[in-house]
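Welcome! Let us take a short walk through this structure together, one stop at a time.

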Amino acid sequence: MNNIGPDYERFAAVYEKKEKDLLKDYFNFLRIPSISSEMEHRQDMIDCAEWLKDYISHTGLEVDIWETTGHPTVFAEYNLAGRGKPTVLIYNHYDVQPVDPLDLWDSPPFEPTVRDGEVYARGAVDNKGQTFYVINALQTLLELDGKLPVNVKLLIDGEEESASPGLSAILNQRKKELTADHLMIVDGGMASLTEPSVNLGARGVISMRVEVIGSKVDLHSGVHGGTAYNPNHALVEILAGLRDSSGRITVPGFYDDIVELTSREKEQLDFSDNEEAYVSMFGVKPAGGEKDYSPRESSTIRPTLEINGISGGYSGDGMKTVIPARAVANLSSRLVPDQDPRKVGKLVSEFIEASAPEGVEVKVRVSQGGGRAVRVSPKAGVIQAVVKAYEEVLQAKCGFLLMGATIPIAALLKEVSGADIVFMGLGLGLDNIHAPNEHFGLDRMKMGFITIARTIELLAD
């Protein structure tokens, strides 16, 4: 392909001129440990929201902080494009995942480090890096043209990694501010830069915590072994019963509401798999899904029920022969369209509680957050604009995928805004998102900057 136009060139020139100063600001953004799930970082969340408010205020957008029952949301807008011009709502988030295990990081997670053209830090890509190039693309358009060609609203969430409970609770009362023609969720990725893609949907999610309680205190396994029911045994028995040998989830009613894709809908999507590449990148075979579906299908159009963590008793070096008083597991379920997170959470929790063996008590706490799955048509104007922008910037034909991950608030935000939606981003599979040594390429920061600027221009046509 060779469809690079003068707009690409002028954006690239501006970025290269400003790059040193931009990276300095980006690193300051990354240094704020805005971990939404850990309450000891409450002040860091407030500081990060204030940092964003101050930074965005210099772009020409009006900016405000919306208080929620949880962490604050940053909202900014530009409404001077003129009558008849569309309104674009762009969603990002400034909160990040916890950093443990800390000893697996090669450099401190909140001290950005550049190695081989990649910035290593928590939030480097998810989602501070992508938030940062969005803000600066808008600022550059204003600097170059004196105005934006469309009306723009920025919504930067402080709780996406915790399922956005605070923002979700105030969406309806903020409906007027959030109404838009197009909604861009800039918090995603693609398979590779040589095979760019736009995501036509994301799975939903619901999570829960399972606690198995036995004795009042840990018991000596020599004295009580064979008498007291070990909560670890009970927990692994319960968890093992959640799936059968074919990978299907055994919870009654779990699959009832799913509507399968038609053959025509499937033809629009890329479900190709490369097992060798997957093993090379992640060191594991793609064998964890349902046997009747391919790995790509299992990770995008099928629901899951995963065990995210287990604890109970002593797991350090050496021996401590105890029967633990309790055992705990964290579970999450990725959902597909037409599955209700609350209904699925209730079905799974009731099944687990009913599976409790005699001698232990089982408690399941379903998270208050969660989110429905979203799936959209490739014909939407915002999707076509992003496709064209990616093809210009990456010089490769852009295809369509479904995202296996979840943007918990996406379905609600689409409903409240009344907008067409696109899921986009420049994250890659090897970026270690949610893991130690998360990183984002300096080249992709520039690509994202230009892509957003071009998409905004194209949406004005």
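This is a predicted model: local features need pLDDT of at least 70, side-chain atom pairs count only at pLDDT 80 or more; totals for chains, interfaces and linings use all residues.

At the N-terminal end of H7 you will find a cap: a side-chain oxygen of Asn230 lies 2.8 Å from the backbone nitrogen of Asn232.

Next, turn to helix H3 (residues 128-145), where Gln130 lies. Gln130 is buried because its relative accessible area is 1%, and the limit for buried is under 20%. Among the residues that Gln130 touches are Asn92, Val125, Asp187 and Leu426. The side chain of Gln130 also makes a polar contact, at 2.6 Å, with the side chain of Tyr133.

Now come out to the surface. Here Tyr278, Met281, Phe282, Val284 and Leu430 form a nonpolar patch, and together they have about 430 Å² of accessible area. Tyr278 belongs to helix H9 (residues 275-282) and, at 34% relative accessibility, counts as partly exposed.

The last stop is about charge. Side chains of opposite charge can pair when their charged atoms come close. This structure holds 22 salt bridges. In one of them, Arg31 pairs with Glu111, with the closest N and O atoms 3.2 Å apart. Arg31 is in the loop between helices H1 and H2, while Glu111 is in the loop between strands E3 and E4, so the pair ties together parts that are 80 residues apart in sequence. Arg31 is partly exposed at 33% relative accessibility, and Glu111 is partly exposed at 36%.

Another salt bridge joins Arg444 and Glu118, whose closest N and O atoms are 3.3 Å apart. Since Arg444 lies in helix H14 and Glu118 in strand E5, this pair ties together parts that are 326 residues apart in sequence. Arg444 counts as buried at 3% relative accessibility, and Glu118 is buried too, at 17%.

Arg372 and Asp340 also meet in a salt bridge, at 3.4 Å from N to O. Arg372 is partly exposed, whereas Asp340 is buried. Finally, look for the network of salt bridges that links Arg10, Asp145, Lys388, Glu392, Arg454 and Glu457.

Key
Residues are numbered from 1 along each chain as its sequence is written. Side-chain values use heavy atoms; hydrogens and water are left out. A polar contact is a pair of N or O atoms within 3.5 Å; within protein, one must be able to donate a hydrogen and the other to accept it, and residues adjacent in sequence count only if both atoms are side-chain atoms. Helices (H or I, at least four residues) and strands (E, at least two) are DSSP runs, numbered from the N terminus. Buried means under 20% relative accessible area, exposed over 50%, partly exposed in between (1.4 Å probe, protein chains only). Contact means heavy atoms within 4.5 Å. Patches are made of residues with over 30% relative accessible area and no salt bridge: like charges are joined within 9 Å, nonpolar side chains (Val, Leu, Ile, Met, Phe, Trp, Tyr) within 5 Å. Accessible areas come from the Shrake-Rupley method with a 1.4 Å probe; for residues, only the protein chains shown count as cover. A salt bridge is a side-chain nitrogen of Lys or Arg within 4 Å of a carboxyl oxygen of Asp or Glu. Lists of a residue's contacts leave out its neighbours within four places in sequence.
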